[in-house]
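Please look at the sequence and the structure shown below, and keep both at hand while reading this report. The headings that follow take up the parts of the structure in turn.

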Amino acid sequence: MKSLTLEGATFWYPATESPALREVSLEVAQGEVVALVGALGAGASTLLLVAADLAPRVTGGRLAGAVARRDRSGIVLPTPWTQASGMAFTVWDEVAFGPANLAWPTHEIARQVDRALERLELIPLASRDPTTLSGGELQRVIIAAILAMDPGLVLFDEPAAELDAGGARTLWRLIRLLAKEGKAVLLATSALDALPDVADRVVWLEDGAVRAVGTPDLLADVAACDAGLGTSVATVWRASGLPGPYPLTVAHAVQRWR
Amino acid sequence: MTGRRLHPFTLLAIAAALPALAWILPAPAGGAATAGIGLALAASRGLRRGLWPAVLTAAPFWLFLLLLHDVPTTIAIGLRITTMVASFVWLVAALEPARLVEAMVAAGWSASVAYLLAATLSAVPVLKARAKRIVEAQRCRGLSPRGGIAARLRALRALALPLVLSALHEVDERALALETRGLVPGIHRTPLAPPPDPAVERALRWVLLLACLFALIRRFM
């Protein structure tokens with residue numbers, strides 16, 4: 001079942017003539033992880049804002065085309081320090097901020113918050129003051145805060161940007177788990193090496209428009225590598241002058257050598 | 001009375017009543033009394049966090065008043081302004097925005113209105129912390145905030161511009177974040193830990209209100 005459907009979505013930010021998104025058509029189904037890749041300014045973040053119903057409702061601007069959302073969405077923005085409520089004494093309170101705004105009963109808030117903290121391995125930090133956390137810890141808290149609101153459509157904008165390698169691995173596992181539970185996940189990331197294991201589909205955005213859609217194999221495509229959107233293995237393979245098709249992962253490269 | 005354990009509404013009531021009484025009660029005795037209480041409250045939050053900010057903020061007003069008025073008028077208005085400044089400094093230092101939101105939501109206020117008020121009160125320490133980070137960053141680039149007037153003006157410009165621009169930029173991002181976290185107009189938030197509001201504090205708030213009304217009536221009789 002489709003959680004999000006965009007048909008010919010074109011979006012202009014306020015006071016701009018050139019659209020940030022051009023005729024984008026995309027569907028994200030429940031249980032599916034779709035990754036948006038592209039160069040800076042390609043429109044991935046804007047697409048997430050449109051999907052979250054924040055653009056143009058909050059950002060201003062103009063939207064043409066159709067956007068249909070079946071589920072309530074939650075978006076994790078790339079800057080955790082601007083997403084903290086500033087109204088919490090502890091990490092637990094910070095994660096509970098969103099569920100409390102949904103006017104849930106307190107026992108349901110507690111259940112969702114504890115579950116989200118556990119999933120992000122944040123239980124040891126539950127009583128810490130959020131202002132004392134590192135960037136990576138705060139990013140995990142914000143992700144937990146969004147998940148505690150139990151959105152059907154989860155949108156991530158560069159979720160691993162502040163995380164260390166271990167934190168990023170936990171996050172990628174969690175995203176697969178969310179999909180397994182039936183949530184739809186739309187993800188904008190430059191962590192391309194993680195996508196073969198995380199994404200079901202990859203959408204390549206260029207100058208606000210969809211250039212290609214496919215499986216993660218797209219990231220070993222010659223054109224994607226030329227555009228700097230190949231995985232590390234594919235990029236090294238290409239830089240070595242070895243013939244295509246380029247391998248996507250280390251495992252693929254090993255297979256090719258044998 | 002540091003204010004740490006008082007209900008947020010009581011803190012607000014005290015911070016509002018003191019300046020009101022300062023302007024209503026006859027000068028200079030009324031102003032002296034309220035300024036004394038205000039400065040004592042500010043001092044209760046610590047010298048660096050309470051008293052010095054209050055004194056340093058009020059000092060320029062005294063200077064300008066002295067330039068514009070005679071000494072009795074300067075004392076009368078200066079004490080009233082000192083009361084206002086000290087009360088506000090004490091309130092900002094003593095009031096925890098999260099407790100205010102909880103108290104307002106528990107009292108039936110809209111969560112977005114409560115957040116707006118609390119965010120306004122917490123803006124001072126947030127901007128102060130950001131200004132400190134910007135000064136440190138500018139120092140790393142070789143800009144010194146010390147020296148002559150010209151050097152200090154250069155440093156001020158290097159502080160003010162990024163401070164204002166980053167604050168404006170953050171407003172946009174924060175609006176997006178709060179929306180996605182469910183803080184939208186008209187919501188009825190679940191209070192998580194509403195602060196206790198003892199009967200004695202509720203009575204104190206009524207006493208403050210009645211004292212202001214009584215002083216006002218006396219003033220015009």
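## Two domains in chain A

The C-alpha centres of domain 1 of chain A and domain 2 of chain A lie 28 Å apart. Chain A is divided so that domain 1 covers 2-216 and domain 2 covers 217-258, with bounds that come from an automatic or database domain assignment. This is a predicted model, in which local features need pLDDT of at least 70 and side-chain atom pairs count only at pLDDT 80 or more, while totals for chains, interfaces and linings use all residues. Residues are numbered from 1 along each chain as its sequence is written, and chains are lettered from A and ligands numbered from 1 in the order in which they are written.

Between these domains, 12 residues of domain 1 of chain A are in contact with 11 residues of domain 2 of chain A, where contact requires that the C-beta atoms of two residues, placed from the backbone, lie within 7 Å. On the side of domain 1 of chain A that touches domain 2 of chain A, the elements giving two or more residues are α7 (195-198), β8 (201-206) and β9 (209-214) of chain A; here helices (H or I, at least four residues) and strands (E, at least two) are DSSP runs, numbered from the N terminus. By class, this side of domain 1 of chain A has nine nonpolar, two polar and one charged residues, counting Ala, Val, Leu, Ile, Met, Phe, Trp, Tyr, Cys and Pro as nonpolar, Asp, Glu, Lys and Arg as charged, and the others, Gly among them, as polar.

## A sheet in chain A

In chain A, three strands form an open sheet in the order β2-β1-β4, with antiparallel pairing; two strands pair if DSSP finds at least two bridges between them. Its edge strands are β2 (21-29) and β4 (62-69) of chain A, each of which pairs on one side only.

Strand β1 (residues 2-12) of chain A pairs with β2(A) in the antiparallel sense over six bridges. Within β2(A), A:Leu21 is the bridge partner of A:Phe11.

## Where chain B meets chain A

The contact between the chains takes 24 residues from chain B and 28 residues from chain A. On the side of chain B that touches chain A, α5 (97-106), α6 (111-140) and α7 of chain B each supply at least two residues, and α7(B) gives the most, with eight residues. The residues of this side of chain B divide into 13 nonpolar, five polar and six charged.
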